[in-house]
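Q: Please take a close look at the hairpin in this model. I would like to know how its strands pair and what kind of chain surrounds them.

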Amino acid sequence: MKVAGQPTPQETAARIRDAVTAALPDAVIDVSGEGNHFSLRVESAAFGGKRSLARQRIVLRAIAHLMKGDAAPVHAIDRLETVLPADAEGQ
C-alpha cells in the first residue's frame, strides 16, 4: 500500500539495488520486502577474504542513507545474506 509521499516497496527495492550496485558494481542483488522491511541477498567477488560482519557492513553502509530520518523508506533489513560467487554456485 502506498502512503502519500512515501515510495512503494518496489521503488525502495530499486533504490536499494542501485545503492548496493554503486558500492559493489559486480554484485548480483536480490531484494524482497513489504512496507519498509526488506531482505537482501548480495553476491559479490568483493567479499573475498572478508568475514561475514565486514561483508554486511559494506552493504549496510551502501544503504545507510535510505535508513536515516523519521520518514526513511527502509526501517529494517530483516535478513542480509552476503556470499561469494563460488559459494552461490554450490547452492
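A: The protein chain has three helices and three strands, where helices (H or I, at least four residues) and strands (E, at least two) are DSSP runs, numbered from the N terminus. The order of these elements from the N terminus is α-β-β-α-β-α. The radius of gyration, taken over C-alpha atoms, is 13 Å, close to the 12 Å from the globule rule for 91 residues, so the protein chain is as compact as a globular protein of that length; the rule is 2.2 Å times the number of residues to the power 0.38.

The model is predicted: local features need pLDDT of at least 70, side-chain atom pairs count only at pLDDT 80 or more, and totals for chains, interfaces and linings use all residues. Residues are numbered from 1 along each chain as its sequence is written, and side-chain values use heavy atoms, without hydrogens and water.

Now the hairpin. Strand β1 covers residues 28-34 and strand β2 residues 37-43; the two run antiparallel and are joined by seven bridges. Two strands count as paired if DSSP finds at least two bridges between them. Within this pair, serine 32 lies opposite serine 39 of β2. Two residues separate β1 from β2 in the hairpin, and glycine 35 in the turn has a positive phi of about 60 degrees. In a regular strand, side chains alternate between the two faces of the sheet.

Of the contacts (heavy atoms within 4.5 Å) between residues at least 6 apart in sequence, 57% join residues at least 24 apart.
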